[in-house]
Amino acid sequence: MVQTKIFAHRGFSGNYPENTMTAFKEAVKAGADGIELDVQFTQDHVPVIIHDRTVNRMTDGKGFVCDFSLAELQKLRMKEDSSERIPTFEEFLHWVEPHSVYLNVELKTELKDRGEIPELILPLLAKYGVEERAILSSFDHKALHAAKQKKPHIESAALIHQAMMNPSKYLETLGVEGIHFKASTLLMDEVAELQEKGYHLRPYTVNTVDQMNQFFTWGCEGIFTDYPDLALAVRKEFKR
Ligand code: G3P
Ligand code: MG
């Protein structure tokens, strides 16, 4: 059985402002195997890293991310730490290139920007030579499918937040390698069945010791956690 990989969800977001360069750097320092981040587009079509559709919760600004130009967006400061701002995806890739961690790039697409993924995200993964260690994921399965058609060799994973009737049949149609599921939506036998078929199973967001041990026991390929330090300590003590 493989050792479960620990992905820092939005970086080391339990201790640092989520999706900031500091949260990513601290995740690597803590020893996380991978980093999860959320990508969407500015008004002038630059991919940037932020979770919400609006800047309201995280920054001192107000409004939809897609209504800001990059220059306007970069003037905003994070509420939790005014020395931090929203990073661009390219800035992140430039930094991460020499660090040997996995990257889970979650595409927070809207219908209107679905077409921009192949043009604006995929070439950057190639430019920085990280395709081999990147995983594309999205709740927008059409966007994921489109990316898969364009770059079949990049691993992709469907995000699900609800129970499904027949996940393996659906995944086959979609042509992805993985399923990233909300921690309570799949039962142990469903996980086992998907794993037997070769799918990579990674639950989110796994923040308690009990949940961590549960998914290590199930042999999940990875977990997403806000506390990579805790997950690493739990994994160290974990005995099958
Ligand atoms: O990629 C796993 C997880 O990040 C999906 O949910 O809302 O935290 O982006 P969310
Ligand atoms: Mg995410």
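Two strands are said to pair if DSSP finds at least two bridges between them, and helices (H or I, at least four residues) and strands (E, at least two) are DSSP runs, numbered from the N terminus. In the predicted model shown here, local features need pLDDT of at least 70 and side-chain atom pairs count only at pLDDT 80 or more, whereas totals for chains, interfaces and linings use all residues. Residues are numbered from 1 along each chain as its sequence is written, chains are lettered from A and ligands numbered from 1 in the order in which they are written, and side-chain values use heavy atoms, with hydrogens and water left out.

Strand β2 (residues 34-41) has eight of its eight residues buried, so the strand is largely enclosed by the rest of the structure; buried here means under 20% relative accessible area, exposed over 50%, and partly exposed in between, with a 1.4 Å probe and protein chains only. In a regular strand the side chains alternate between the two faces of the sheet. Gly34, Glu36, Asp38 and Gln40 lie on one side of β2 and Ile35, Leu37, Val39 and Phe41 on the other, and both faces are covered.

| Partner of β2 | Sense | Bridges |
|---|---|---|
| β1 (residues 5-9) | parallel | three |
| β4 (residues 102-107) | parallel | six |
| β3 (residues 47-49) | antiparallel | three |

Within these pairings, Phe7 stands opposite Gly34, Leu37 has Val105 in β4 as its bridge partner, and Val39 stands opposite Ile49 in β3. The hairpin formed by β2 and β3 has five residues between the strands, and His45 in the turn has a positive phi of about 65°.

Ligand 1 is surrounded by His9, Arg10, Glu36, Asp38, His51, Glu106, Lys108, Phe139, Leu159 and Tyr204, where a residue counts as near if one of its heavy atoms lies within 4 Å of the ligand. By class, this shell has three nonpolar, two polar and five charged residues, with Ala, Val, Leu, Ile, Met, Phe, Trp, Tyr, Cys and Pro counted as nonpolar, Asp, Glu, Lys and Arg as charged, and the others, Gly among them, as polar.

A polar contact is a pair of N or O atoms within 3.5 Å; within protein, one must be able to donate a hydrogen and the other to accept it, and residues adjacent in sequence count only if both atoms are side-chain atoms. A polar side-chain atom of Glu36 lies 2.6 Å from an oxygen atom of ligand 1.
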